Amino acid sequence: MGSNSTRIIAVVLLLLSVFVLPWWLLVIFAAVLFFYYAPFFEGLAIGLIADLLYSVPREIFWDLPIFFVCFLICFLLCKIVHKQLRISN
Amino acid sequence: MARLLKNNRKIKIEIRKKLFFTAVVLLLILAFCSGTMSFLSGPLQFVGRPIWKIKNYSVDFVSELGVFFKTKEKLREENKILKNKLGKANFQLFNRKALLEENIKLKEILGRKNEDFKFILANVIAKPNLSPYDSLILDRGSQDGVKKGNKVLADADIIIGEIAEIYSKTSKAKLYSFPRDTLNVALGFDKIFAQAVGKGGGNFELKLPQGTPIALGDLVTLPEMGLLVLGRVEEIDLRPEDPFQTVLFKSPVNIFELRWVQILQE
């Protein structure tokens, strides 16, 4: 129950950070949460929200959602690291 | 044997989960790129607007508190520096107004019609540092007469971008300086046409053949909007082995500190 409530608080804080923090700080904060709460699916949803809020049509990056893709990479990397940690333990 | 079957089943479930996850991710990316999810932007902007305003108000409040901790001597010194700067700026403004009036009169003599511009004043509620998209969120939307493609200006004669998306009470402006975005510009008094490439944060780069007459401080404008300044030449990179010179120019305003912009109604 305790870890569930902290996870909810973390999700709310990450969501607020989308509106308040500079993007590079947001990515660092999200990466920490992705590692701590792996698998952190909520982070992917928040990345998509950030893209919907700020994105404008662009020619580069094939118009991909930048936050979502960055968070997806974080998600996959953290999952791999966790798996390796479990194997080594 | 039963253990083997159980393991096989677990592996199959794992593979199905991964396939499902991959399919969902690909669908979301496809939906985003095709614009299917754009209907969510409006409600998100509606939710974000009060949060951004509270954030901006808090930042202003905290920075004003800092004044109480400054010594009298420092404040006096700062006041003197600011008065000097204001005096110089007023003189330049007076000079510029005179030149502008002369420009308008000469155009009238030549039979060029001078268009009256109408502006909508908008507050910047989300600055470019909140995202890597080099975009601004403004507190004026379709209810205030803002239209897609309207130019966005800072200080009334510095053009920084245009409106990319509109919502009922807010709008999103894309800045011309987004990395690798290209733009046709006119450089200097002779209006030399060139293609500028955005470098992000109000910075641009363009290449011209060596020997093209340009100098530091030359103004860069958009060809169709001659009186609106896009930037000023800050650096010219000349190399003997390169037949081209790299010109770096920058917007005269700091877009990370913008608080108010004007939306040009065409």
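Predicted model: local features only at pLDDT ≥ 70, side-chain atom pairs only at ≥ 80, totals over all residues.
Local features need pLDDT of at least 70, side-chain atom pairs count only at pLDDT 80 or more, and totals for chains, interfaces and linings use all residues. Residues are numbered from 1 along each chain as its sequence is written, while chains are lettered from A and ligands numbered from 1 in the order in which they are written.

Start with chain B. Its secondary structure comes to three helices and twelve strands. Helices (H or I, at least four residues) and strands (E, at least two) are DSSP runs, numbered from the N terminus. Along the principal axes, the C-alpha atoms of chain B fill a box of roughly 95 × 55 × 40 Å. The radius of gyration of chain B is 25 Å, whereas a compact globule of 266 residues would have one near 18 Å. That radius is taken over C-alpha atoms, and the globule rule is 2.2 Å times the number of residues to the power 0.38.

Now look inside. In chain B, 24% of the 266 residues count as buried. A residue is buried if 20 or more other C-beta atoms lie within 10 Å of its own, exposed if 12 or fewer, and partly exposed in between; C-beta atoms are placed from the backbone. Take P43(B), in helix α2 of chain B. P43(B) counts as exposed because it has 11 C-beta neighbours inside 10 Å. P43(B) and Y167(B) are 124 residues apart in sequence, yet their C-alpha atoms are 9.1 Å apart in space.

Next comes the contact between the chains. Chain B brings 27 residues and chain A brings 22. Two residues are in contact if their C-beta atoms, placed from the backbone, lie within 7 Å. On the side of chain B that touches chain A, α2(B) gives the most, with six residues. That side divides into 16 nonpolar, five polar and six charged residues. Ala, Val, Leu, Ile, Met, Phe, Trp, Tyr, Cys and Pro count as nonpolar, Asp, Glu, Lys and Arg as charged, and the others, Gly among them, as polar.

Finish with one helix pair. Helix α3 (residues 41–54) of chain A packs against helix α2 (residues 41–65) of chain B at about 90 degrees, with their axes 9 Å apart. So α3(A) is roughly perpendicular to α2(B), a label for angles of 65 to 115 degrees. Axes are lines fitted to C-alpha atoms over the stretch in contact, and angles run from 0 to 180 degrees between N-to-C directions. I49(A), L52(A) and L53(A) meet S41(B), L44(B) and G48(B) here.

Conventions. Parallel < 35°, antiparallel > 145°, perpendicular 65-115°, else oblique.
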